[in-house]
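Here is a short briefing on one structure. Look it over first, then read the points by topic.

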Amino acid sequence: MSRLLRDLVLTSLASLLTALPACASTPAQRGLIVFQQVCAACHGMDHVDYGDMAAFGLSPDAIRTWAADQQIPNGTDDNGAPKTRAATPADPILSPYPNDAVGRLANHGLLPPDLSRLAMTLHGGPAQIQRILLSYAPTPAGVKLDDGRYYNTALKWKHIGMPPPLQDGMLTYPDGTKATTTQMATDVSAFLNDVAHPHAAERRRIGVYVLTYLALMAILTFLLQRRIWKSRP
Ligand code: HEC
């Protein structure tokens, strides 16, 4: 019996230890930096609020500053002209363009899609996002692309209307990780995957609590069992 309990304690502790690194979502935290400094110039994430970025390690101050930097629509004035105001942490991360027409105009007729659920809706998921970011190549001889189209082997039709967004060393990660194109593509895909599955991080966190609880209970039961049996003649 005590052997069984010992095994239980050991397996609980082992699963606890393997679950812990899942909490330290550093790739996703770095991915947020990539989104902020690169992708947000063209893409919004309107299903998530600035405040939600606390889950990726952004401090309340940093969230406030980021939000306050963005102007969002705020009704119309007395003459019917649209008004704007600074965003707050409770506002969604809207597209940087005031409307789709302006977004298309700025991108050779193609609208940068909202990124909040793309990792879930795009065929191939986060791996395909990463692949797109890493599959730009020089246009081969004999292939003619329209203005504002870029050769990219990740897509069936081999081109995309997004200029290659990532370049080695274009930003500095606070944790010292080298910002290579591959690193940033991996990080931002991890980030977009977490954003698209808002409850996944929460589930992982709860999972760790449950495992901790089970491990402690197993230890207590083990000790109790030994005590009871020791006091028996
Ligand atoms: C200069 C503007 C610009 C920047 C910066 C930019 N994008 Fe894009 N992106 C676009 C446009 C425009 C499209 C639509 C292209 C098309 O339909 O061919 C697009 C499309 C995409 C797609 C393909 C979506 C699909 O449905 O096939 C992904 C994935 C994507 N962007 C991710 C990113 C990520 C991640 C970043 C930041 C690293 C980023 N983009 C930065 C303009 C941009």
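Of the 29 residues in the largest nonpolar core, Leu32, Val188, Phe191 and Leu192 touch the most other members. Helices α2 (26–37), α5 (118–121), α6 and α7 (181–196) each supply at least two residues of this core. The biggest share comes from α7, with eight residues. The model is predicted.

**Core contacts**
- Leu32 is in contact with Met53, Phe56, Leu58 and Phe191, leaving aside its neighbours within four places in sequence.
- Phe191 also belongs to the group, with Leu32, that touches the most other core members.

**Ligand shell**
- The ligand is surrounded by 22 residues.
- Cys39, Cys42, Pro112, Gly161 and Met162 are the closest.
- Helix α6 (residues 125–134) gives the most to this shell, with three residues.
- By class, the shell holds 19 nonpolar residues and three polar ones. It has no charged residues.

**Annotated segment**
- An unreviewed UniProt entry places the feature "transmembrane region" at residues 206–224.
- In the model, residues 206–224 are 100% helix and 0% strand.
- The end C-alpha atoms of this stretch are 27 Å apart.

**Thr11**
- Thr11 is in helix α1 (residues 2–19).
- Is Thr11 buried, exposed or partly exposed? Thr11 has 13 other C-beta atoms within 10 Å, so it counts as partly exposed.
- Thr11 and Ala137 are 126 residues apart along the chain. Their C-alpha atoms are separated by 48 Å.

Notes
Residues are numbered from 1 along each chain as its sequence is written. This is a predicted model: local features need pLDDT of at least 70, side-chain atom pairs count only at pLDDT 80 or more; totals for chains, interfaces and linings use all residues. A residue is near a molecule or strand if its C-beta atom, placed from the backbone, lies within 6 Å of it. Helices (H or I, at least four residues) and strands (E, at least two) are DSSP runs, numbered from the N terminus. Ala, Val, Leu, Ile, Met, Phe, Trp, Tyr, Cys and Pro count as nonpolar, Asp, Glu, Lys and Arg as charged, and the others, Gly among them, as polar. UniProt positions are given in the numbering used here, feature names are shortened, and annotations may be inferred rather than shown by experiment. A nonpolar core is a set of buried Ala, Val, Leu, Ile, Met, Phe, Trp, Tyr and Cys residues joined through C-beta atoms within 7 Å. A residue is buried if 20 or more other C-beta atoms lie within 10 Å of its own, exposed if 12 or fewer, and partly exposed in between; C-beta atoms are placed from the backbone. Two residues are in contact if their C-beta atoms, placed from the backbone, lie within 7 Å.
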